[in-house]
Amino acid sequence: MNIPAPDNSADTDSAGLWRGTSRTDRDGARRNRLLAAALELYGTRGFRATSIQALCQESGVSSRSFYDLFPARRSDAGQESLTAQESLLEELYIILNEEIGQALTTLTIPAGTSLLEATIHIVSTALMPMLSDERKARVLEVEAVGVSESLEARRRATMRMLAAAVDSAFESVLSVFTLPGSTSSLRPDDGGLTSLIIVGGITEALVQRVHTPVAQRSSTDDFLTGIAKVAMRAHGVSPSAGA
């Protein structure tokens, strides 16, 4: 069992250092340990089944530091109060989504691929962080649902962000592949509704996969290929086009 180190900050020098470490660095390290503990416990036990005591024990951070770093607060909109754990979950949610968003914004289509392969690459870029570490999938798509209005607002914004990223990715596809007929079929003029529906469907498929015993799942490659084919058909493109 890990015993949290005491958070005694009285023994500091004139530069504000304690044992050679600044308060900012210490707080940053504690925050990271708490976020890592939250990913582990929320992603395995679940958010509602995890106590602050368990988070502190897992991270080796004292409860006093926990409340200092993640205090109960008003939401960004100021319309509700968030508990300390809800504040921690919200920050973890933001960090995990930034990982996906960053991967999508730096996406490039490998040369020499077919349209289906390119679409699989897009889908894989968005989903592999969660498929390779299912704790992330559970936190993002299961544990964060319905916790607070603040987090729900973030979830809706995330869905719109991912839908926009899907549109942008298909813009990249258009620049690489020439399809028979009108290329506008890859960009339906519906205000992003098609991509939003695709993202919502992918989210539900991911949740279903997380809840399915490993022995009963399709392979990761088959899962990604199936989603890619559905996404292509939703944009009016045959999976065999652009081969």
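Which side chain meets that of Glu90 in a salt bridge of 3.3 Å, N to O? The side chain of Arg154 does; the tour returns to this pair below.

**Before you start**

This is a predicted model, in which local features need pLDDT of at least 70 and side-chain atom pairs count only at pLDDT 80 or more, while totals for chains, interfaces and linings use all residues. Residues are numbered from 1 along each chain as its sequence is written, and side-chain values use heavy atoms, with hydrogens and water left out.

**The whole chain**

Show the protein chain as a cartoon. It has 9 helices and 4 strands, taken from DSSP runs (helices: H or I, at least four residues; strands: E, at least two) and numbered from the N terminus. From the N terminus on, the order is β-β-α-α-α-β-β-α-α-α-α-α-α. Of the 243 residues, 44% are buried; buried means under 20% relative accessible area, exposed over 50%, and partly exposed in between, with a 1.4 Å probe and protein chains only. A contact means heavy atoms within 4.5 Å. Among contacts with a separation of 6 or more, 67% are between residues 24 or more positions apart.

**Select H1 and H4**

Two packed helices are described by the angle between their axes and the distance between the axes. Helix H1 (residues 23-42) and H4 pack at about 90°, with axes 10 Å apart. The axes are lines fitted to C-alpha atoms, for helices over the stretch in contact, and angles run from 0 to 180 degrees between N-to-C directions. H1 and H4 are therefore roughly perpendicular (65 to 115 degrees; under 35 is roughly parallel, over 145 roughly antiparallel, the rest oblique).

Now show the side chains at this contact. From H1, they include Arg31, Leu34 and Tyr42; from H4, they include Gln85, Leu88 and Ile95. The contact residues divide into 10 nonpolar, 1 polar and 2 charged. Here Ala, Val, Leu, Ile, Met, Phe, Trp, Tyr, Cys and Pro count as nonpolar, Asp, Glu, Lys and Arg as charged, and the others, Gly among them, as polar.

**Select Gln85**

Gln85 is found in helix H4 (residues 84-105) and counts as buried because its relative accessibility is 12%. Its side chain and that of Tyr42 are joined by a polar contact of 2.5 Å. Such a contact is a pair of N or O atoms within 3.5 Å; within protein, one must be able to donate a hydrogen and the other to accept it, and residues adjacent in sequence count only if both atoms are side-chain atoms. Beyond four places in sequence, the contacts of Gln85 include Phe47, Ile52 and Phe66.

**Select Glu90**

Glu90 is buried, at 2% relative accessibility. Its side chain meets that of Arg73 in a salt bridge of 2.3 Å, N to O. A salt bridge is a side-chain nitrogen of Lys or Arg within 4 Å of a carboxyl oxygen of Asp or Glu. Arg73 is partly exposed, at 28%. The other pair to show is Arg154 with Glu90. This pair links distant parts of the chain, with Arg154 in helix H7 (residues 149-176) and Glu90 in helix H4, 64 residues apart. Arg154 is partly exposed, at 25%.

**Select Arg217 and Glu134**

Arg217 forms a salt bridge with Glu134, the closest N and O atoms being 2.4 Å apart. Arg217 lies in the loop between helix H8 (193-210) and helix H9 (220-234) and Glu134 in helix H6 (residues 134-143), so the pair ties together parts 83 residues apart in sequence.

**Last stop**

Select Glu40, Asp133 and Arg135, which are linked in a network of salt bridges. The whole structure has 10 salt bridges.
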